[in-house]
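Open the model in your viewer and keep the selection tool at hand. The tour goes one stop at a time.

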Amino acid sequence: MCALSSGSPVHSRSSTLRKIVEGVCQPVWLVSDTRRVSDIQWFQEAYGAVTQTVRVVATEDSRQQRGWVFTPGVDDAESECGLDNFGTFDWVIENHGDEQRLEEQLEHLIEFVRSRL
């Protein structure tokens, strides 16, 4: 999939995203750590129905077992929870500490990506 040129009719919510992908052709783009609804909306507007969203979730208990401690002003900021009410994700990966279950979910996602290559 070729990225949009700067002359694209799609109006970017993020000029940074547009600059990153401009003129680059890839069969699949994997964008990690998208944190804001506007970022997802940009990709959906730019690439339409081929855009797939993936959310990784974990229980608070499993996160705490990994050393996470809630920090007010950080963990409740838009950059950390701005997608909590986004809506439906195409893929939801549960990372609650069950390694076998995590591997199974990731394998399904990997199979999907490979089918698009």
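Select Gln105. Leaving aside residues up to four places away in sequence, Gln105 touches Val92, Ile93 and Glu94. Keep in mind that this is a predicted model. Is Gln105 buried or exposed? Its relative accessible area is 6%, under the 20% cut-off, so Gln105 counts as buried.

Now widen the selection to helix H5, residues 99-115, where Gln105 lies. Check the length of H5. At 1.5 Å a residue, its 17 residues should span 24 Å. The end C-alpha atoms are 24 Å apart, so the two agree.

Which residues of H5 are buried? Pick Leu102, Gln105, Leu109 and Phe112. They cover an arc of only 90° around the axis, so they sit on the same side of H5. Show strand S1 (54-57) and strand S2 (91-94) next: both are among what covers these buried residues.

Turn to the face of H5 directed away from its buried side. Here are the exposed residues Glu99, Gln100, Glu103 and Arg114.

Go to the N-terminal end of H5. Asp98 caps it, with a side-chain oxygen 3.2 Å from the backbone nitrogen of Gln100.

Last stop: the largest pocket. Its volume is about 1600 Å³. The lining has 46 residues, and Val31, Asp33, Thr53, Val54 and Arg55 lie nearest the centre. Colour helix H2 (37-47), S1, helix H4 (78-81), S2 and H5, the elements that each give two or more residues to this lining. Which element gives the largest share? H5 does, with five residues.

Methods
Residues are numbered from 1 along each chain as its sequence is written. This is a predicted model: local features need pLDDT of at least 70, side-chain atom pairs count only at pLDDT 80 or more; totals for chains, interfaces and linings use all residues. Side-chain values use heavy atoms; hydrogens and water are left out. Helices (H or I, at least four residues) and strands (E, at least two) are DSSP runs, numbered from the N terminus. The expected span of a helix is 1.5 Å times one less than its number of residues. Buried means under 20% relative accessible area, exposed over 50%, partly exposed in between (1.4 Å probe, protein chains only). The arc is that of the directions from the helix axis to the C-beta atoms. Contact means heavy atoms within 4.5 Å. A polar contact is a pair of N or O atoms within 3.5 Å; within protein, one must be able to donate a hydrogen and the other to accept it, and residues adjacent in sequence count only if both atoms are side-chain atoms. On a 1 Å grid over the protein atoms alone, a cavity is a set of points where a 1.4 Å probe fits but cannot get out, and a pocket is an open set with protein on both sides within 12 Å along at least five of seven lines; lining residues have an atom within 4 Å of a point. Grid points are joined across faces, edges and corners, and a volume is the space filled by probe spheres set on the points.
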